[in-house]
Amino acid sequence: MTLSQTSRPSSAEGRLANDGGGNRSRRRPAGRPSGGSIAGFIAPGLVLFSCFVLLPVAFAAYVGFYRWNGLGGIPTDFIGLDNYRNILSDSVFIGDLGRSAIIIVLSLAVQLPLAFALAMLLHQRFPGRTVFRLLFFVPYVLTEAVTAILFGLVFSPRQGFADQLLAAVGIDAEIGWLSDRSIVLYVVFGVLTWKFFGFHMILFLAGRQNIPDELYEAAAIDGATGAQSFRRITLPLMGPTIRITIFLSIIGVVQLFDLVWVLTQGGPFHASETMAITMYDQGFQRNQVGYASALSIVMFLLSLIFALFYQRFVLKRDLQGAITGNAGNQGGRS
Amino acid sequence: MSRPLPRLRAFAAAGAAVALAATAACGDDGSGSDSEISWWHIQIEDPMMSTWEVFADEWLEESDADVTFDIQSIENEAFKSQMSTAAQSGEVPDLFQTWGGGVLRQQVEADLVRDITDELDDCIDLINPSTLAPYTVDDRLYGVPFDSGVVGFWYNMDLFAEAGIDAPPETWSDFLDAVEALQAADITPIALAGADQWPAHFYWTYLAMRIGGLENLQQAGEAGELSGDAFVQAGELLSELAEMEPFQEGFESATFDGPDGQSATVGEGAAAMELMGQWAPQSQRDNSGTDGPGEALGFFPFPVVEGGAGSTTEFLGGGNGFAVGADAPDEIFDFICHMYQEENQTRMVEDGNFNTVAADPDAVVAEPDMHIALVLEAMSGATDTQLYLDQAFPPAVGGSINEATEGLILGQLTPEEFVEMVNEVWSAEA
């Protein structure tokens, strides 16, 4: 909300400044568009947004107050907040929250540092750098369903690649990669990491490349060691990128569905189930559309509240920088 | 200087037009044309996949109906989710796969399917009336079967012989002995698709039927509650079986279909048996890409539980059928009757390896496939048949029975918790 309010005038100014003066910026006061044009430009986006975002959310919120199997017109069996009460006592959903928390912690503790380290490595100049960048990014290009089918074969119990690899190096352990309830979640996390580290790596790489070399040169002249430069220059200046990747990681976990669904169907017995899988199972397999809608609203609120807080408190400085300070920064650098 | 502004207006006007079009698009979903028959089936392997198409082509040529077909062949699990999305949007195909039971009932109550009781006068006599029960809701017919059979143990006689088991087990303790003997011979006794859940629910259902009798289960179905000891005891016996670890390695994440699924495991001879319906031999061949155990594949009914009220002549069963969508054109009934002509039923049985639903089986199948013959033989002695619970009951209840069975087998639920969990869902459903 606050973002869009503050952004409109200032970003326009920013863009005009970027255009480097010239005759276009002089035209602006004279050529202020009419109300009709504004409405015409906003209408398509607004209609699409309403159709495909606002209306479905509103409908889900409405259906969430009913017991409904999804068939036949509109729901009629109003049950108030019962669906929400049931969610709070649904051990599967509570479990989903716990599993999501585990995946989030692991992502932040393992996946992002790995991506960061690789980005730092691939920022160095060495032969074949482009090839490595490409290779690491390739998994992200695969669709989630294809990834899941691929790893389904890798972790297949009888002839899977994972078991054979272990056997080839002399470890003859029978590991139930996807069938052992105590490890399946970590295996799923491994696949997620394989799939997404390249994406975060590219973000980090872009962030690192935005840091001007002059800073490192100046630091080197002042006698800074590599570690000091990293701590005092690289980390702080990559702050915005790091904060955004953390944000994307966490939101991604809340929405996690396709990869896990195809790989494990959330099993065995919920051991790798996510909120979105619970929602799908209830809504489309058991025709409990009212309950599933309530679940979707809970997921929506969790994401929304998290996003608002994160933007308000963590990304505050970055967003201001991106919106108001951007033109100034660029001007200052050149 | 003055040119950009009109262009801006033109853009704005175009934008507004797009917006209007989008509003129209999001307001109403177009309905299919009357002259096209959309048809979803789940036969994804030839020859049957093509045979449905051939039926359609032949009928189009013979009849003067001015319609076309849009035939989609969809894998079983994918079909279920696609169908439920279609049903929720109110746009079901004109002709679609159904297993009858509680799912069909919900569709009937939502006016998504056509009542066909009085529409098939030309051919209903060609179908065995006893196979129509799962497709009958409140004495009206809403679907026709093309396959009907029962669930039992499909076993590899070679592996049984290897383990020194002479005869198929007739009682539950014989069965447990057989499991032990197979394990002693280093043979995986049972293949199970834990991730799909429904193959596991056959075990619990059959145990409940053997302990309390089928009538007890049917009463529970009508009352909407699992009450009495039989259901808890069924869970106890199933837990005991699971504790013996009779299933293949990694069964917890195995599916029914697929190259390392339950079906392929038995097809390759990597497990000695599976509890499955009449389609098992065909699935074993399709999924394993082999000829399956062939003549070594036998069939025995689920054993009796000593002291239980049930007998081996009570079966869990059902089959495959087609239901007709609410908006289907009338011509479709003529087409259905075309499919049920006896010579076409013969082709269905031959190409699809289905278990015939013909009123006069001898006219349709001269010499049934050896495995189909085993099912027919079992059915001929059947005193009563119960439709698979995950189809017979409302989807929420069936789903929770499936889920609870998985939990029970994995040791995550006690037999008491199983019954509690299902009853909780059921009481909310009523």
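Reader: What counts as a salt bridge here?
Author: A salt bridge is a side-chain nitrogen of Lys or Arg within 4 Å of a carboxyl oxygen of Asp or Glu. This is a predicted model, in which local features need pLDDT of at least 70, side-chain atom pairs count only at pLDDT 80 or more, and totals for chains, interfaces and linings use all residues. Residues are numbered from 1 along each chain as its sequence is written, chains are lettered from A in the order in which they are written, and side-chain values use heavy atoms, leaving out hydrogens and water.

Reader: ok, how many salt bridges across the interface of chain A and chain B?
Author: The rule finds one salt bridge there. A:Arg286 pairs with B:Glu403, and their closest N and O atoms are 2.7 Å apart.

Reader: And how many residues are in contact?
Author: On chain A, 37 residues are in contact with 44 residues of chain B; contact means heavy atoms within 4.5 Å.

Reader: What area is buried between the two chains?
Author: About 3,500 Å², with carbon and sulfur atoms giving 57%. Buried area is the accessible area (1.4 Å probe) that two parts lose on being put together, summed over both.

Reader: Which residues in chain A lose the most area to chain B?
Author: A:Arg158, A:Phe269 and A:Arg286, together 21% of what that side buries.

Reader: New topic. At what angle do helices α7 and α9 of chain A pack?
Author: About 135°, with axes 11 Å apart; α7 covers residues 144–154 and α9 residues 184–209. Helices are DSSP runs (H or I, at least four residues), numbered from the N terminus. Axes are lines fitted to C-alpha atoms, for helices over the stretch in contact, and angles run from 0 to 180 degrees between N-to-C directions.

Technical notes
Helices (H or I, at least four residues) and strands (E, at least two) are DSSP runs, numbered from the N terminus.
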